[in-house]
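These are my notebook entries on a structure that I am consulting for the first time. I set down what I looked up, one topic at a time.

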Amino acid sequence: MSRNRASAAVARTRAIAAHMSTEAPQLDQPVLFQSNGYARTYVLNRAKKLNALNGEMINLLQPQLELWSKSDLCRMIIGTGLGRAFCAGGDVATVLNHSLSKATRPVAIQFFKDEFELDYILSQLPKPYVAVLDGITMGGGVGLAISAPFRVATEKTVFAMPETKIGYCPDVGASYFLSRMDGEVGTYLALTSETLVGREVFEHGLATHYIPSRSIPTLLTHLAEFENPSFTQIHRTIEELHAELDEPSGKLTGVIRQVLDSAFRHDSVEEILKSLETLSSSPNTCVSGWAEQTLETLHMRSPTSLKVALSAIRRGKSMTLLEALQMEMGIATAYCSGASPDFRVGISAVLVDKIQGRPAWSPDKVEDVSSEILDRFFSEGSAYLSGTPQLSLPNYLKTRDLEPMAFALPTEPEILDMIKSSCKTGPVALSELLLDMDGFIKRKFGTKEKILDIVHRRCEVDDSQGTTIVTWKGQ
């Protein structure tokens with residue numbers, strides 16, 4: 001066997017071992033660091049805790065990322081997790097305990113500062129960054145991954161921002177990235193805390209690629225073989241391992257996506273609830289069933305959290321990532337400082353006592369969450385924001401423009417522009433429309449499926465004459 005083939009075999013063996021191992025490795029450090037060729041990998045190593053992010057892990061990651069950023073021997077950074085999760089979130093139970101006492105409250109606030117700064121550092125890395133989301137990826141775990149130019153989902157990926165369940169608000173940049181999702185899907189995810197699974201994470205742009213879990217070791221091996229990888233090379237390498245989209249369509253497509261966008265377009269929670277109540281009487285049983293279930297879900301969430309989350313999402317749409325994180329730093333500080341009792345009630349009920357029913361939220365109803373309560377989280381004069389620290393970027397990094405969708409599926413506005421162009425002279429055969437977009441479709445697996453979903457939602461489609469004809473509705 002040649003030296004190159006032998007080294008490739010060794011690299012593949014190591015990758016398989018790292019990917020498949022569910023046993024605790026010899027090292028008990030909560031984050032492991034690996035070197036493989038010119039690739040450098042951090043491995044979250046708290047499998048029994050679903051790799052929940054704590055202060056020790058953050059303090060290990062930050063200096064290592066600085067070292068890799070400065071090293072000529074590091075050409076690519078990869079993030080993975082052992083066990084069933086990439087990272088299931090932050091260690092909020094410990095944060096809550098620190099926040100309850102005025103003496104230890106600065107420790108709780110410092111955790112959020114360190115976490116948000118780590119998330120921003122990951123968004124500004126000078127090297128290509130690949131996040132492998134082969135399992136549960138929620139809350140703080142999303143923050144570690146969402147700014148990576150390459151976010152790899154598998155059939156095992158489970159995505160959520162579950163903060164409204166625990167009387168808190170989506171953070172780690174959620175007000176930036178959820179507000180930029182197609183339609184109102186991001187608003188829906190922020191308020192309901194609902195999960196997306198597998199292919200759905202890719203379809204909605206939260207992951208840039210979708211490959212089988214069994215292909216992760218092969219991917220890691222191929223990435224380690226690059227000496228000076230370009231972003232395009234990495235993209236093509238991951239794309240070659242894509243999983244065929246032979247699964248059923250995700251739950252947020254078709255008519256459900258239509259009514260979701262309609263219901264969650266409002267700027268007040270009360271209006272969203274009113275729209276859902278109207279939809280619950282729809283003669284379409286799919287629509288009425290979805291609306292009823294969504295109303296039940298929102299009823300379980302903290303009313304204060306719902307209003308804070310919606311306000312943050314609307315504000316975040318016009319902010320940079322750093323501005324959004326700074327706003328979220330204020331929200332976290334306000335919660336730690338007692339702006340709402342729901343932070344204590346929710347974490348205790350859901351994560352500590354693990355009750356099955358609705359926590360004892362206060363206020364108990366959305367309409368009772370006043371503008372004065374909301375101002376506690378956003379108003380410059382709020383006493384609850386007075387201890388908010390300023391986030392900062394380390395000197396070794398230079399600020400760069402963030403393009404988290406560069407290698408993801410095209411956005412809905414991009415596709416709509418092409419559909420409108422094809423239909424500008426009138427109705428067109430679906431086959432012709434797809435032919436017009438053929439080059440666009442070939443650039444990215446999954447694009448055709450997304451185009452077809454958008455066509456059926458946003459256009460009039462008539463296949464009564466044997467040929468499917470598409471007419472732009474002109475919205």
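**Entry 1. A loop residue**

I began with Asn 228, which I found in the loop between α9 (216-224) and α10 (231-239). Is Asn 228 buried or exposed? I read a relative accessibility of 58%, so Asn 228 counts as exposed, the cut-off for that class being over 50%. I then looked up its contacts, leaving aside neighbours within four places in sequence, and noted Arg 75 and Gln 233. I also looked up its distance from Lys 113: the two residues are 115 places apart in sequence, and their C-alpha atoms lie 34 Å apart in space.

**Entry 2. Confidence**

I recorded that this is a predicted model. The chain has a mean pLDDT of 92, and 94% of its residues reach 70 or more. I marked residues 1-8, where the pLDDT is below 50; this stretch has three contacts in the model beyond near neighbours in sequence. I marked residues 14-26 as well, where the pLDDT is again below 50; here I noted 16 contacts beyond near neighbours in sequence.

**Entry 3. Two helices**

I turned to α9, the helix on one side of the loop that holds Asn 228. How many of the nine residues of α9 are buried? I noted eight, and the helix is thus mostly covered. The buried residues of α9 include Ile 216, Pro 217, Leu 219, Leu 220, Leu 223 and Ala 224. Two threonines, Thr 218 and Thr 221, are also among the buried residues of α9.

I next looked up α14, which runs over residues 303-316. I checked its length: at 1.5 Å a residue, its 14 residues should span 20 Å, and the C-alpha atoms at its ends are 20 Å apart, so the two values agree. The expected span rests on one less than the number of residues. Helix α14 is mostly covered, with twelve of its 14 residues buried. Among these buried residues I listed Pro 303, Leu 306, Val 308, Leu 310 and Ile 313. Lys 307 is buried too, as are Thr 304, Ser 305 and Ser 311.

**Entry 4. Backbone exceptions**

I searched the backbone with one general point in mind: most residues other than glycine have a negative phi, and most peptide bonds are trans.

Asn 51 has a positive phi of about 60°, although it is not a glycine. I placed Asn 51 in the loop between β2 (39-44) and α2 (55-70). Its relative accessibility is 0%, and Asn 51 therefore counts as buried.

Val 172, also not a glycine, has a positive phi of about 50°. I placed Val 172 in the loop between β8 (158-160) and α6 (174-177). At 2% relative accessibility, Val 172 counts as buried.

Which peptide bond is cis? I noted the bond from Ser 362 to Pro 363, with omega near 0°. Pro 363 belongs to the loop between α16 and α17 (371-378).

**Entry 5. The largest pocket**

The largest pocket has a volume of about 780 Å³. Of the 27 residues that line it, I recorded Ala 88, Gly 89, Gly 90, Val 92 and Leu 351 as the closest to its centre. Which elements give two or more residues to this lining? I listed α3 (92-99), α4 (105-123), β6 (136-138) and α16 (342-352). The largest share, three residues, comes from α4. By class, I noted 14 nonpolar, nine charged and four polar residues in the lining of the largest pocket.

**Entry 6. Cavities**

I found two cavities of 30 Å³ or more. The largest cavity has a volume of about 50 Å³. Ten residues line the largest cavity, and the closest to its centre are Phe 202, Tyr 210, Glu 239, His 242 and Phe 445. I divided this lining into five nonpolar, three polar and two charged residues.

The second largest cavity holds about 50 Å³ of space. Which residues line the second largest cavity? I listed Leu 133, Thr 137, Val 142, Ala 145, Ile 146, Arg 151, Phe 159 and Leu 206. By class, this lining has six nonpolar residues, one polar and one charged.

Conventions: Residues numbered from 1 in each chain as written. Predicted model: local features only at pLDDT ≥ 70, side-chain atom pairs only at ≥ 80, totals over all residues. Heavy atoms only, no water. Helix = DSSP H or I, 4+ residues; strand = E, 2+ residues; numbered from the N terminus. Buried < 20%, exposed > 50% of the residue type's maximum accessible area, 1.4 Å probe, protein only. pLDDT = per-residue confidence, 0-100. Contact = heavy atoms within 4.5 Å. 1 Å grid on protein atoms, 1.4 Å probe; cavity = no way out; pocket = protein on both sides within 12 Å on 5 of 7 lines; lining within 4 Å. Points joined across faces, edges and corners; volume = space filled by probe spheres on them. Nonpolar A, V, L, I, M, F, W, Y, C, P; charged D, E, K, R; others polar.
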